[in-house]
Amino acid sequence: MMHSIKIFCDFDGTVCLGDVRSVLFRTFGGDEVDEAVRLWMKGEISGDECIRRECAAVRDLDLAEFNKIIDEQELDPSFPEFVEFCKSNTIEIEILSDGFYYYIERILKKYSLEELTVYANSLRTEEGKLIAGFPYLNQYCERAANCKGTHVLNNAGDDQLRVVVGDGYSDRCAVDYADIVFAKRQLIQYCRESNISYFEYNSFHDVQSRMEELLKRKRLNPRHQAEIRRREAFRIEANV
Ligand SMILES: [Mg+2]
């Protein structure tokens, strides 16, 4: 079977150079935010609980200042070209984030990339408070409020190779189901520990070069272990 390719990209620290969620909450929420994140990374609280605590730590939000920090964020300079590369090779691309539509859409718009498909958490303000919503909460996943594994499983077909590009804790569920993984920072360690082969990258320029090489191959095979994981997941979902 000839496979087409679908790429799933993390946003914070991957598509965007900075970790916007972290920058925003640490700026406006202080120490309580660090404590929530610490407990989450230790697996003591779930991803959505972490976000609820981060939001609760922000009081009397200065929305103008909040937006100003968002507007200072920059994308990986090679990302817009990468999107063009995907388009011209009919490769589908989606952004999966455990951050928020609020800033992702605002930043993508600045780069005229607002057409990209994004799956993230929602965020609204009410009387100086931040209130998060979790449209993709997976009750079986504690790692993230927006479980990226669910999207990688469901948003691609059997005839598609799933490629994941990421850097952090919330990308773990995604790489479990991915055929090809691009990893940097903490995600490298997870791939090593889990015996998942990966390409190390620094920017989307690296990802693009590697993808260009891969596209030249006669065939690209799914990763066997990921196929098994996907089959298991569907079996659990179907309850058989
Ligand atoms: Mg990240």
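Predicted model: local features only at pLDDT ≥ 70, side-chain atom pairs only at ≥ 80, totals over all residues.

Trainee: Is Asp 167 buried, exposed or partly exposed, and why?
Mentor: Asp 167 counts as partly exposed because it has 19 C-beta neighbours inside 10 Å. The cut-off for buried is 20 or more.

Trainee: OK, and what does Asp 167 touch, leaving out residues up to four places away in sequence?
Mentor: Two stretches of chain turn up in that list: Asp 10, Gly 13 and Thr 14, plus Lys 184, Arg 185, Gln 186 and Leu 187. For Gln 186, the C-alpha atoms are separated by 6.0 Å, although Asp 167 and Gln 186 are 19 residues apart along the chain.

Trainee: Switching to α5, which residues are buried there?
Mentor: Helix α5 covers residues 79–88, and Phe 79, Phe 82 and Val 83 are buried in it. They take up an arc of only 105° around the axis, so they lie on the same side of α5.

Trainee: Why would residues a few places apart point the same way?
Mentor: An α-helix has 3.6 residues a turn, so those three or four places apart point the same way.

Trainee: And what's on the face turned away from the buried side of α5?
Mentor: That face carries Glu 84, Lys 87 and Ser 88, which are exposed. Just after the helix, Thr 90 takes a positive phi of about 45°.

Trainee: What covers the buried residues of α5?
Mentor: The cover includes β2 (92–100) and α10 (204–216).

Trainee: How do α5 and α10 sit relative to each other?
Mentor: Their axes come within 8 Å and cross at roughly 25°. An angle under 35 degrees counts as roughly parallel, so that is what α5 is to α10. The crossing is left-handed.

Trainee: Which residues meet there?
Mentor: From α5 you have Phe 79, Phe 82 and Phe 85, and from α10 Phe 204, Val 207 and Gln 208.

Trainee: Last topic: how many residues are in the largest nonpolar core?
Mentor: It has 60 residues, and Ile 104 is among those with the most contacts inside it, as are Phe 8 and Val 163. Helix α6 (residues 101–110) gives the largest share, five residues.

Trainee: What is Ile 104 in contact with, neighbours within four places in sequence aside?
Mentor: Phe 11, Ile 95, Ser 97, Gly 99, Val 118 and Ala 120.

Notes. Residues numbered from 1 in each chain as written. Buried ≥ 20, exposed ≤ 12 C-beta atoms within 10 Å, placed from the backbone. Helix = DSSP H or I, 4+ residues; strand = E, 2+ residues; numbered from the N terminus. Arc of directions from axis to C-beta. Contact = placed C-beta atoms within 7 Å. Core = buried A, V, L, I, M, F, W, Y, C linked by C-beta atoms within 7 Å. Axes fitted to C-alpha atoms, helices over the stretch in contact; angles between N-to-C directions. Parallel < 35°, antiparallel > 145°, perpendicular 65-115°, else oblique. Left-handed = near helix turned anticlockwise from the far one by under 90°.
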